[in-house]
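Trainee: I would like to learn how to read salt bridges in a model, with the structure in view as we talk.

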Amino acid sequence: MKQWEVWKFPYPSTDRAHWFVILSQSAWCENAQNPVVIGLLCTTLRPPGRELKSHEVRLDAADGMDWDTVVKCCHVHELPKIRASEGRGPVTLPRQRKIALTLRACLGLG
């Protein structure tokens, strides 16, 4: 598990899993003494083709997703690493930049 990779976690419950973009630095993720990482929730873009909200960034096949997906940058989740069930590759560099800018704006980080 590394920063900017997409991983699946059981959320909001154990029978419903969602993808998350990992925000924690890779060194943190790889340290076994750190039981949690932080990430941003991903959901399917519905309806397909709709306009994005100001707190959303679109991911697609280039980012390892099977369909158009949005990253919700308005809330950072703490996720137990042990519950991660499946990983995809990292999001593309342009999307990483867009997520970082959107997250800064959503959280009022200047």
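Mentor: Let us begin with the term itself: a salt bridge is a side-chain nitrogen of Lys or Arg within 4 Å of a carboxyl oxygen of Asp or Glu. The general idea is that side chains of opposite charge can pair when their charged atoms come close. This model is predicted, and a search of the whole structure finds 7 salt bridges.

Trainee: How far apart are the closest N and O atoms of Arg58 and Asp68?

Mentor: They are 3.6 Å apart, and the two residues form a salt bridge. Because Arg58 lies in strand β4 (residues 56-59) and Asp68 in the loop between β4 and β5 (69-80), the pair ties together parts that are 10 residues apart in sequence. Arg58 is partly exposed, with a relative accessible area of 26%, and Asp68 is partly exposed as well, at 35%.

Trainee: Which parts does the pair of Asp63 and Arg95 tie together?

Mentor: The side chains of Asp63 and Arg95 meet in a salt bridge with an N to O distance of 2.1 Å. Asp63 lies in the loop between β4 and β5 and Arg95 in helix α2 (residues 93-107), so this pair ties together parts that are 32 residues apart in sequence. Asp63 is buried, with a relative accessible area of 1%, whereas Arg95 counts as partly exposed at 21%.

Trainee: Are Arg50 and Glu56 buried or exposed?

Mentor: Both Arg50 and Glu56 are buried, and their side chains meet in a salt bridge of 2.9 Å, N to O. Arg50 and Glu56 are also linked with Lys72 in a network of salt bridges.

Technical notes: Residues numbered from 1 in each chain as written. Predicted model: local features only at pLDDT ≥ 70, side-chain atom pairs only at ≥ 80, totals over all residues. Heavy atoms only, no water. Buried < 20%, exposed > 50% of the residue type's maximum accessible area, 1.4 Å probe, protein only. Helix = DSSP H or I, 4+ residues; strand = E, 2+ residues; numbered from the N terminus.
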